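Have a look at the sequence and the fold, then read on.

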Amino acid sequence: MDGETQPVGGAEPVIRDCVVIGGGPAGLTAAIYLARFHLAVTVIDAGLSRARLIPFTRNHAGFPQGISGIDLLARMREQAVLHRTEMSDDTVLAVERDGEDFVVRTGRAAFGARAVLLATGVVNRRPAMLDDETHARAVAEGLLRYCPICDGYEVTDRRVGVLGTGQRGCDEALFLRSYTADVTLIAPGEEHELDAGQRARLADAGIVLADSCRRIALGDRQIEIGCGEETLRFDTLYPALGSDIRSQLARAVGAEVSGEGCLLVDSHQRTSVAGLYAAGDVVLGLDQISHAMGEGGVAATTIRNDLARKAPLRRGDAHGSPR
């Protein structure tokens, strides 16, 4: 749906009630709610949701046989469009204040908005030794996994490697130890950065330590890790390398963030900037589809109510029924 998008440098863009930036579970849930509130909503989606990388999720309620991330997003997008959400497959370059409203700019268009919802998510830090093609194959085959909360059950009693060190690596290895007795924590550098307490906890749990990861390759139904002169083989490798939060757009208009860069919101998903909201993994909290969807629903309802306080939303009014 191309709707009323205006080219950059052209006429003033038509004001939407809300522009949602990000087409993942949080953004699409919010869009469905907003559209069903009879609000004019546009979703700008760069196609970078982490959910797209999920080959098969089996812990998302309502899908007892599991569903792929791509299929889930396609269903949600179809539902949003059914309720007349405008979809724009583009990348947002800037969010700017325009009085009490906003202008959201992409490389080829500008969108006016009474409210903006950031659902831009995060980016997992990948093992540098894997090219894109090998990485995609490893994820598709379950040899490389990023979320033990989501899929730790799938590695029950399997041989598991965790690529990481420090507190993050220690915590992830200990978490996975509740699924299998065979866990190895592999230093991504020459040696581990672990204090005595962390080493004691890992040793007590029977977790093996390996140093000097130099090579990662895919073998016959296993992933191979070259550590010094030794090659270790695992059924699954979990990178515990952290992630980068996509909060730059909000920070540029003054939104407050945590020390890690996550957007800080109140209990109704409002950021510190009036009219700017956030939901999903870009917000500090549990990085789960169900959690993101819940935050999307809360954000959309808050946006609807906040807009109604500024101007009554009545069916047939300019903002209440813009189509």
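How many bridges join β11 to strand β12, and do these run parallel or antiparallel?

1. Before the answer, the ground rules. This is a predicted model, where local features need pLDDT of at least 70, side-chain atom pairs count only at pLDDT 80 or more, and totals for chains, interfaces and linings use all residues. Residues are numbered from 1 along each chain as its sequence is written, and side-chain values use heavy atoms, with hydrogens and water left out.

2. Five bridges join β11 to β12 (residues 223–227), and the two run antiparallel. Strands here are DSSP runs of E, at least two residues, and helices are runs of H or I, at least four residues, numbered from the N terminus; two strands pair if DSSP finds at least two bridges between them. Within this pairing, Leu218 sits opposite Ile223 in β12.

3. That pair belongs to an open, antiparallel sheet of three strands, ordered β11-β12-β13. β11 (213–218) and β13 (230–234) are the edges, each with a single partner strand, so one side of each has no neighbour in the sheet. From one strand to the next, the twist averages 25°.

4. Then there is an open sheet of four strands with parallel pairing, in the order β10-β9-β8-β14. Here β10 (208–210) and β14 (236–239) take the edges; each has a single partner strand, so one side of each is left without a neighbour in the sheet. The twist averages 25° from one strand to the next. β9 (residues 183–186) pairs with β10 in the parallel sense over three bridges, and Ile186 has Ala210 in β10 as its bridge partner.

5. On to the helices. α5 (residues 166–176) packs against α6 (residues 196–204) at about 15°, with the axes 10 Å apart; axes are lines fitted to C-alpha atoms, for helices over the stretch in contact, and angles run from 0 to 180 degrees between N-to-C directions. So α5 is roughly parallel to α6, a label for angles under 35 degrees. From α5 come Gly166, Gln167, Cys170, Asp171, Ala173 and Leu174, and from α6 Gln198, Arg201 and Leu202, with contact meaning heavy atoms within 4.5 Å.

6. Last, the record. An unreviewed UniProt entry annotates residues 17–296 as "domain: FAD/NAD(P)-binding", though such annotations may be inferred rather than shown by experiment. In the model, the end C-alpha atoms of residues 17–296 lie 16 Å apart, and the span is 26% helix and 26% strand.

Terms used: Parallel < 35°, antiparallel > 145°, perpendicular 65-115°, else oblique.
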